[in-house]
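Here is a briefing on one protein model. Look at the sequence and fold, then read the points below.

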Amino acid sequence: MTASEELAELLDARHAAAEPTIPSPAVAESVAAHLGEIRAAAPPAAEGGGDEPALDWATEAMDETPVSMAISGPAYADNPIWYVNDAFEELTGYAESEVLGENLRLLQGSTTNADAVADLREAVDIWEAAVVELDNYRADGSRFRNRVAIAPIADETGTISNWVGLQEAVDNA
């Protein structure tokens, strides 16, 4: 089974369960590990890179997973968004073309919990996965409550090359 197929199986099974899809940092790390394997299996020309938002190693499984997914580019450059899947577009109302090169902070608004944001920022600073619940805002300005999980994606050398952000609606805030 390929890493892409394993990722699809993992996320489909988690999504079908009666509990949160990404309940813990350990599950987010597992998703990130699969994404690292997908990246490693991609041809070198498909790895993206530099300062331009690009993610040419996205797979159909990533595009079609029922979990909102965003992958950001170089960890050292404010984590610009390089990829979002269909579920992200559906959840947030933002098309991929509107968010490429932006930071996921664009989803934050007046009721976004500062402590939860600080937890995410700390996780990025110390290169660890985290899961929080907070209010975010769709493209149309409507608020929604969601569980956000982030995890670093290592390249084949073990260097953190990207971050994955996973989101799922918690209720209709």
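The largest pocket has a lining of 24 residues, and N103, L104, L120, V124 and I150 lie nearest its centre. Two or more lining residues come from each of strand 1 (68-72), helix 6 (114-125), strand 3 (130-137), strand 4 (143-154) and strand 5 (160-171). This is a predicted model: local features need pLDDT of at least 70, side-chain atom pairs count only at pLDDT 80 or more, and totals for chains, interfaces and linings use all residues. Residues are numbered from 1 along each chain as its sequence is written, and side-chain values use heavy atoms, with hydrogens and water left out.

**Largest pocket**

- The space in the largest pocket is about 510 Å³.
- A pocket is an open set of points on a 1 Å grid over the protein atoms alone, where a 1.4 Å probe fits, with protein on both sides within 12 Å along at least five of seven lines; lining residues have an atom within 4 Å of a point.
- Grid points are joined across faces, edges and corners, and the volume is the space filled by probe spheres set on the points.
- Helix 6 gives the most to the lining of the largest pocket, at five residues.
- The lining of the largest pocket divides into 13 nonpolar, seven polar and four charged residues.
- Nonpolar covers Ala, Val, Leu, Ile, Met, Phe, Trp, Tyr, Cys and Pro; charged covers Asp, Glu, Lys and Arg; the others, Gly among them, are polar.

**Overall fold**

- The protein chain has six helices and five strands.
- Helices (H or I, at least four residues) and strands (E, at least two) are DSSP runs, numbered from the N terminus.
- Their order along the sequence is α-α-α-β-β-α-α-α-β-β-β.
- Of the 173 residues in the protein chain, 46% count as buried.
- Buried means under 20% relative accessible area, exposed over 50%, and partly exposed in between (1.4 Å probe, protein chains only).
- Among contacts between residues at least 6 apart in sequence, 48% join residues at least 24 apart.
- Contact means heavy atoms within 4.5 Å.

- The expected span is 1.5 Å times one less than the number of residues.
- Helix 6 buries A116, V117, L120 and A123.
- Seen down the helix 6 axis, these buried residues fall within an arc of 120°, so they line one face.
- The arc is that of the directions from the helix axis to the C-beta atoms.
- A114, D115 and D125 are exposed on the other side of helix 6.
- Strand 3, strand 4 and strand 5 are among the elements covering the buried residues of helix 6.
- T111 sits in the loop between helix 5 (96-99) and helix 6, and T111 is partly exposed at 36% relative accessibility.
- Beyond its neighbours within four places in sequence, T111 is in contact with D135, Y137 and R143.
- W127 lies in the loop between helix 6 and strand 3.
- W127 has a positive phi near 60°, though it is a residue other than glycine, and its relative accessible area of 45% makes it partly exposed.

**Helix 1**

- Its 14 residues should span 20 Å at 1.5 Å a residue, and the end C-alpha atoms of helix 1 are 20 Å apart, in agreement.
- A3, S4, L7, A8, L11 and R14 are buried in helix 1.
- These buried residues of helix 1 fall within an arc of 140° down the axis, so they line one face.
- A13 and A16 are exposed on the face of helix 1 turned away from the buried side.
- The cover over the buried residues of helix 1 includes helix 2, helix 3 and strand 1.

**Helix 2**

- Helix 2 buries V27, A28, V31, A32, H34, L35, G36, I38 and R39.
- They pack against helix 1 (3-16), helix 3 (60-64), strand 1, strand 4 and strand 5.
- A32 belongs to helix 2 (residues 25-41) and is buried at 3% relative accessibility.
- Leaving aside neighbours within four places in sequence, A32 is in contact with A151, P152, I153 and V164.
- A33 is also in helix 2, but A33 is partly exposed at 42%.
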